[in-house]
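User: Can you go through this model with me? I'd like to start with the chain contacts.

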Amino acid sequence: MSDLSGIRRGHSYYEATARDRISKLLDSNSFQELIGPAERIASPHLEPLGQPCSFNDGIIIGTGNLNGLPVLIASQEGGFMGGSVGEVHGAKLTGLLERAVDEKPAAVLLLLESGGVRLHEANAGLIAISEVIRALLTTRKSGIPVLGLIGGAYGCFGGMGIVARCCDALIINEEGRLGLSGPDVIETTMGVEEFDSTDRALVWRTVGGKHRYLLGEVQCLVEDDIEAFRAAAIEIIDKVQPLSLESLEQENLVLSQRLANYGHSQDGAEIWGAMGIADPQKLPLMDIPSFLKAVEGKVQGNL
Amino acid sequence: MEHLQFEFECSGNREDSQQATLSGVVSSGNLEVMLENADLNGLCRINVSTSAQGFGEIWQAVLNDFVARYNLANLQISINDGGATPAVVCLRLDQAMEEYLEIST
Amino acid sequence: MAIKKWDTQAENRRARLLRASSVCKGKIVPADRVTALFEEVIEPGDRVCLEGNNQKQADFLARCLAQVDPQRVYDLHMVQSVIALPSHIELFERGIAHKVDFSYSGPMGTRMAQLVADGKIKIGAIHTYLELFGRYFIDLTPKVSLIVAHSADRQGNLYTGPNTEDTPTIVEATAFKSGIVIAQVNQIVETLPRVDIPGDWIDYVTQAPTPHALEPLFTRDPAQISEIQILMAMMVIKGIYAKYDVNRLNHGVGFNAAAIELLLPTYAQSLGLKGKICRHWMLNPHPTLIPAIEAGFVESVYSPGSELGMEDYVSARPDVFFTGSDGSQRSNRAFSHAAGHYACDLFIGSSLQMDLQGNSSTVTLDRITGFGGAPNLGADARGRRHVSPTWLKAGREAQSGLSTTPRGRKLVVQIMETYREHMQPAFVERLDAWEMMEKTGMELPPIMVYGDDVSHIVTEEGIANLLLCRTEEERNDAIRGVAGYTPLGLGRSHSAVENLRDRGIVSRPEDLGVDHRMATRDLLAARTVKELVHWSGGLYQPPKSFRNW
């Protein structure tokens, strides 16, 4: 019908709902939902504030297979309150990670899309984030890889940005964003001169998928295609190194070098230039294969 | 928030689906629709929780037409609505029903 | 008896230029002397044209004018296409100007309404672009015009670049009636890429400290197109464009139009419509038209303005767009709107409110927004004489069964979801325009498109073909028949609507063979701005506010 060859492939991860992402990421028909919508475990805090709730509180969790391997999976729905973490939402995520320690799946996949703590239930949400982090690290300690996938419209920010960086490995598309404070928050607190959040090219040079990949914070940069995320996840599970004191010390070393090398830089593109990449201004406009070729060998921390 | 309940006498039968189906996402101008089997003595019951107040009559009109299209008895429909327009409500209801009927057969 | 003098205006012009020689010698004025220049060449009570449409703005000259001494320069009568900048409003707040004739005031609509209520602005009239341009040559000829161009040379020749827009019209009206034309440019250069305005029509040129403002007004991010808009676009393509063989057309700006543009290479292509519809356009260079151009649907596009980021793409497609010998685009709003009115067979646009007569309006109560070009583009051209299959078919439908003199009809299509966001009904008993009229003392309600010009109404429920309606009652039933669950729609008689369906006056998607299950975002030729860039082969450079990479 249409000639979209070379323009679009597969199913956009960016556009998909949390539920669609799961069904296309896992082996077909393998997903079994835990605490599904029919159980109506929704947030009790939203109704008094005049906010509509969702039957799954913005997160879908369950079990399934990835390339025949048993996995646990969670998928945040950015469309519902920006994927924000409330009490129920956080408890589902913590529970899934604790279940992993008992069930010993081949991996836990976290499909992250969240602005962080849900302000409507801030205390419960903050506690939930710390519980998630504790459960995540316990899971990793018991030898189960935890992979984070990022690539939705709402990005991965706030407490969930911290959770993401606690994972063994992250997979991101170009559209994906990862950070602590979101662009609007930075502009509001630091002023528009410091950071213009409507300058979306600047936003992506600062928190976007390519920049996070170049800094070594994200291990895989893929096309915006659920199949590409799936292939990357399958490949990466085998490469995950166990959590150890040595690996933490190594990471600390990398981070302190990064601060020393780029701490004075004013812009993402300046860092890329300092990394020895030719024509750093051109990176944002490159497609993924050209980009990966252009930066080959320049990036630390990628698997 | 406003909570509305509608009940319709229906005569249509179908193969029983074991699974609830959920379509859509609760967000501004959007909604989620869950369909489940329920023993309702031939009724189709629809519960709506909506952030848009005062549109009961419009829901009634939209749901009258929807139920007339499918006429399925013993069906519980639950809706969480973030202020969707009738056009979007109709679309999500049809999508939910198509998915539900697919699983049922 | 005194001898009548016939050149007082020219004499007055010479006097002003003489006074100005105290401020600057020659045509080139330093930026910091512009306000002083204004105080010499502008006299109290002057009619002053300040260029700026909804794309480019003479923003530096506007700021300078707002800084003149109101003791020296006051009582001005502004004539301008658009009131868009804070400095435009400041002219009235500071008492420099008191009266305005304009066409559109989108962003400043709320402030305008307040200042009118406070008596600080007297509105001459709210025009369409063509009406205002017309009056520049009849009775609203500017004495001084403050215009904007991309660059100038030392002789005052101007290069407007792709955004030529209103400049030729304003300069023509002023320079040939003993007026004074002052231009701001981004740069003064030795040699221009091409001359858009001859230097002997220009009195003064200044290089502005910053490049002039340019809004990406016609960029619609495909990511925001909804499934409902896709469904309506499918109905338009199959139920109107294919049915009437529409080949010469104009699209209003908005997501509904963008959805249609993005379905041409997919849905229309699958219906075998390439080469049969949508070949010639009067349209700003919409980025969402790129896939249809690349897919070979579009043969030509003539534009009122340009669009930020589209410059290289347009230059690389001179077979499609109008470009100069230098390779860059030239636009012209006056010619485009004349073409849109007389040379196009179809206009499609959206509105905020429509009543049972099919009248539509974009007025909301606390804002004065004006008309822009839509009323001329969205009106049957009663003065048209040349025929086309589309025009004749529409005319036949409008006259079938009537013993009137045969003539053609333009297709004027209004497309809208029955409810806007926040459950605002698009179909209403009474337009807010009536209340606006009563509140502000207008003579007529500010209606954008009159119902008797509308041929089709498209909503998510279907299409109402008003050409086929023969009585007031039938029109009302047809409009109710696509008005969904709005109060007007709920007031329908089901049997009457079914009767209209049988006669093809009301068509549901299924009547048109449009499968609503196909109406997903996968049907869009581009779902993101990035996909538009890919379609353009990297030539389209979207403004930074539209990127997510």
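User: How many residues of chain A are in contact with chain B?
Analyst: In this predicted model, 14 residues of chain A are in contact with 16 residues of chain B. Contact means that the C-beta atoms of two residues, placed from the backbone, lie within 7 Å.

User: What classes are on the chain A side?
Analyst: The side of chain A that touches chain B has 6 nonpolar, 6 polar and 2 charged residues. Ala, Val, Leu, Ile, Met, Phe, Trp, Tyr, Cys and Pro count as nonpolar, Asp, Glu, Lys and Arg as charged, and the others, Gly among them, as polar.

User: What about the numbering and the model limits?
Analyst: Residues are numbered from 1 along each chain as written, chains are lettered from A and ligands numbered from 1 in the order written. The model is predicted, with local features needing pLDDT of at least 70 and side-chain atom pairs pLDDT 80 or more, while totals for chains, interfaces and linings use all residues.

User: Switching to chain C, how is it divided?
Analyst: Chain C has domain 1 (24-207) and domain 2 (228-530), with bounds from an automatic or database domain assignment. 29 residues of domain 1 are in contact with 29 residues of domain 2.

User: Which element of domain 1 gives the most to that side?
Analyst: H5 of chain C, with 5 residues. Helices (H or I, at least four residues) and strands (E, at least two) are DSSP runs, numbered from the N terminus.

User: And which residues of H4 in chain C are buried?
Analyst: C:Ser87, C:His88, C:Ile89, C:Leu91 and C:Phe92. Buried means 20 or more other C-beta atoms within 10 Å of the residue's own, all placed from the backbone. H3, S3, S4 and H5 of chain C are among what covers them.

Terms used
Buried ≥ 20, exposed ≤ 12 C-beta atoms within 10 Å, placed from the backbone.
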